[in-house]
Amino acid sequence: MVRVEPCYFCSGPVYPGHGSMFVRNDSKVFRFCRSKCAKNFEKKRNPRKTAWTKSFRKSRGKEMAVDSTFEFEKRRNRPVRYDRELMGTTIRAMQRVGEIRSRREQMFYERRMKDARKES
């Protein structure tokens, strides 16, 4: 199974065969989606202070930081025997979780914009 890893710097997706990888002397692996992220990492820049990263947006309250739907993105290393029915139910569940997440993000955005209108 091919795995889509998150970029260490911007948290964007790194698809197989794309991006670059840096392996530190202690064998810690850092994956980057593009050279922009790798260069900023090499310059020791903090992703939470770089305006275009997801961690910046989450720390400033621009995106949802805490939600139960994020639990489904966690990596699971337990191998499971292939079962067609299980795969179908998993895909349906993933679609349902995606719908719930998009609805919650929309509500979060509307609430944030409503507060912004009140301030101005």
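Modeller: In this predicted model, the largest nonpolar core has nine residues, namely Cys7, Phe9, Cys10, Val14, Phe30, Phe32, Cys33, Cys37 and Ala38. Two elements, strand 4 and helix 1, each supply at least two residues of this core.

Consider helix 1 to begin with. Helix 1 spans residues 35-42, and its buried residues are Cys37, Ala38 and Asn40. These three lie on the same side of helix 1, because they cover an arc of only 165 degrees around the axis. An α-helix has 3.6 residues a turn, so residues three or four places apart point the same way. On the other side of helix 1, the exposed residues are Lys39 and Glu42. The buried residues of helix 1 pack against two strands, strand 3 (20-23) and strand 4 (29-32). After helix 1 comes Lys44, with a positive phi near 60 degrees.

Phe32, a member of the core, counts as buried because its relative accessibility is 2%. If residues up to four places away in sequence are not counted, Phe32 touches Cys7, Tyr8, Phe9, Val14, Gly19, Ser20, Phe22, Cys37, Ala38 and Phe41. Among these contacts are Cys37 and Ala38, which are buried residues of helix 1.

Phe30 also belongs to the core, and it is buried, with a relative accessible area of 1%. Which charged residue lies over the face of Phe30? That residue is Lys28, at 4.9 Å from the ring centre. A second case of this kind involves Lys36, which lies over the face of Trp52 at 4.1 Å from the ring centre.

The rings may now be considered in pairs. A pair of aromatic rings is described by the distance of the centres and the angle of the planes. The structure holds seven aromatic pairs. One of them joins Tyr8 and Phe30 in an edge-to-face arrangement, 4.6 Å centre to centre and with 85 degrees between the planes. This pair links distant parts of the chain, 22 residues apart: Tyr8 is in the loop between strand 1 (5-6) and strand 2 (13-14), whereas Phe30 is in strand 4. Tyr8 is partly exposed, since its relative accessible area is 43%. Another pair consists of Phe32 and Phe41, with ring centres 5.1 Å apart; their planes stand at 50 degrees, so this pair is tilted. Of these two residues, Phe32 is buried, while Phe41 is partly exposed because its relative accessible area is 21%. Ring pairs link Tyr8, Phe22, Phe30, Phe32 and Phe41 into a cluster.

Ser11 has a positive phi near 70 degrees, although it is a residue other than glycine. At 32% relative accessibility, Ser11 is partly exposed. Ser27 lies in the loop between strand 3 and strand 4. Its phi is positive too, at about 70 degrees, and Ser27 is not a glycine. Ser27 is exposed, because its relative accessibility is 55% and the cut-off for an exposed residue is over 50%.

Conventions
Residues are numbered from 1 along each chain as its sequence is written. This is a predicted model: local features need pLDDT of at least 70, side-chain atom pairs count only at pLDDT 80 or more; totals for chains, interfaces and linings use all residues. Side-chain values use heavy atoms; hydrogens and water are left out. Buried means under 20% relative accessible area, exposed over 50%, partly exposed in between (1.4 Å probe, protein chains only). Helices (H or I, at least four residues) and strands (E, at least two) are DSSP runs, numbered from the N terminus. The arc is that of the directions from the helix axis to the C-beta atoms. Contact means heavy atoms within 4.5 Å. Rings of Phe, Tyr and Trp (its six-membered ring) pair if their centres lie within 6.5 Å; planes under 30 degrees apart count as stacked, over 60 as edge-to-face and the rest as tilted. A charge sits over a ring if NZ of Lys or CZ of Arg is within 6 Å of the ring centre and within 35 degrees of the ring normal. A nonpolar core is a set of buried Ala, Val, Leu, Ile, Met, Phe, Trp, Tyr and Cys residues joined through side-chain atoms within 4.5 Å.
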